[in-house]
Amino acid sequence: MQVDLDHIFKVAKEAAERSQCRYNVSCVLVDKRGDVVSIGINHWSSNRPKMGRRTVHAELDAIRGIKKMKESNLYAFIYRCGAGGATRNINCCDACKSLLRAYGIEKIFYMTENEEWVRA
Ligand SMILES: [Zn+2]
């Protein structure tokens, strides 16, 4: 893996800090060369008031941001920022894990609260 993990951490943290949700989560998709392909953050859905507000997960937001689907073998890095900018443990929910796998993204990493990326 040619990915600069410190760089991805910085990108993921900056993205998560933009989230307006109670849990501030980001998902950064990276290609084999280590280039960032898409950045997603969790956010409230806005267009279904009858259904109540829903959280759009960061992973789905990141998938939406992929420009060309010929990208394959992407890595997904998932990060959660807590109060005051502290890093919190995060796991990908089952729905998002299935979604990422459906897009051929098998390599999923989480940032732990000890600030280490671990493979899902
Ligand atoms: Zn999810």
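What percentage of the 120 residues in the protein chain do buried residues make up? The share is 32%, where a residue is called buried if 20 or more other C-beta atoms lie within 10 Å of its own, exposed if 12 or fewer, and partly exposed in between, with C-beta atoms placed from the backbone. The structure is a predicted model, in which local features need pLDDT of at least 70 and side-chain atom pairs count only at pLDDT 80 or more, while totals for chains, interfaces and linings use all residues. Residues are numbered from 1 along each chain as its sequence is written.

A look at the overall layout comes first. The protein chain has 3 helices and 8 strands; helices (H or I, at least four residues) and strands (E, at least two) are DSSP runs, numbered from the N terminus. Along the sequence they follow the pattern α-β-β-β-β-α-β-β-α-β-β. The C-alpha atoms occupy a box of roughly 45 × 35 × 20 Å along the principal axes. The radius of gyration of the protein chain is 14 Å, which agrees with the value near 14 Å that a compact globule of 120 residues would have; this radius is taken over C-alpha atoms, and the globule rule is 2.2 Å times the number of residues to the power 0.38. Two residues are in contact if their C-beta atoms, placed from the backbone, lie within 7 Å. Among contacts between residues at least 6 apart in sequence, 54% join residues at least 24 apart.

E1 and strand E5 (residues 75-81) run antiparallel and are joined by 7 bridges, and Cys-27 has Ile-78 of E5 as its bridge partner. E1 and E2 form a hairpin with 5 residues between them, and Gly-34 in the turn has a positive phi of about 95°.

From E5 the pairing continues to strand E7 (107-111). E5 and E7 run parallel and share 4 bridges, with Tyr-110 of E7 as the bridge partner of Ile-78. E7 in turn pairs with E8 in the antiparallel sense over 3 bridges, and Met-111 has Trp-117 of E8 as its bridge partner. E7 and E8 form a hairpin with 5 residues between them. Glu-115, in the turn of that hairpin, has a positive phi of about 60° although it is not a glycine. Glu-115 counts as exposed because 12 other C-beta atoms lie within 10 Å.

The 12 residues of H1 should span 16 Å at 1.5 Å a residue, and its end C-alpha atoms are 16 Å apart, which agrees; the expected span is 1.5 Å times one less than the number of residues. The buried residues of H1 are Ile-8, Ala-12, Ala-15 and Ala-16. They cover an arc of only 95° around the axis, so they are on the same side of H1; the arc is that of the directions from the helix axis to the C-beta atoms. An α-helix has 3.6 residues a turn, so residues three or four places apart point the same way. On the other side of H1, Asp-6 and Lys-10 are exposed. The buried residues of H1 pack against E1, E2, E5 and E7.

These elements meet in the largest nonpolar core, which has 30 residues. A nonpolar core is a set of buried Ala, Val, Leu, Ile, Met, Phe, Trp, Tyr and Cys residues joined through C-beta atoms within 7 Å. Among the members that touch the most others are Ala-12, Val-28 and Phe-77. H1, E1, E2, helix H2 (58-64), E5, helix H3 (94-102) and E7 each supply at least two residues of this core, and E5 gives the most, with 6 residues. Leaving aside neighbours within four places in sequence, Phe-77 is in contact with Ile-8, Ala-12, Val-28, Val-30, Phe-109 and Trp-117.

Note on methods:
Two strands pair if DSSP finds at least two bridges between them.
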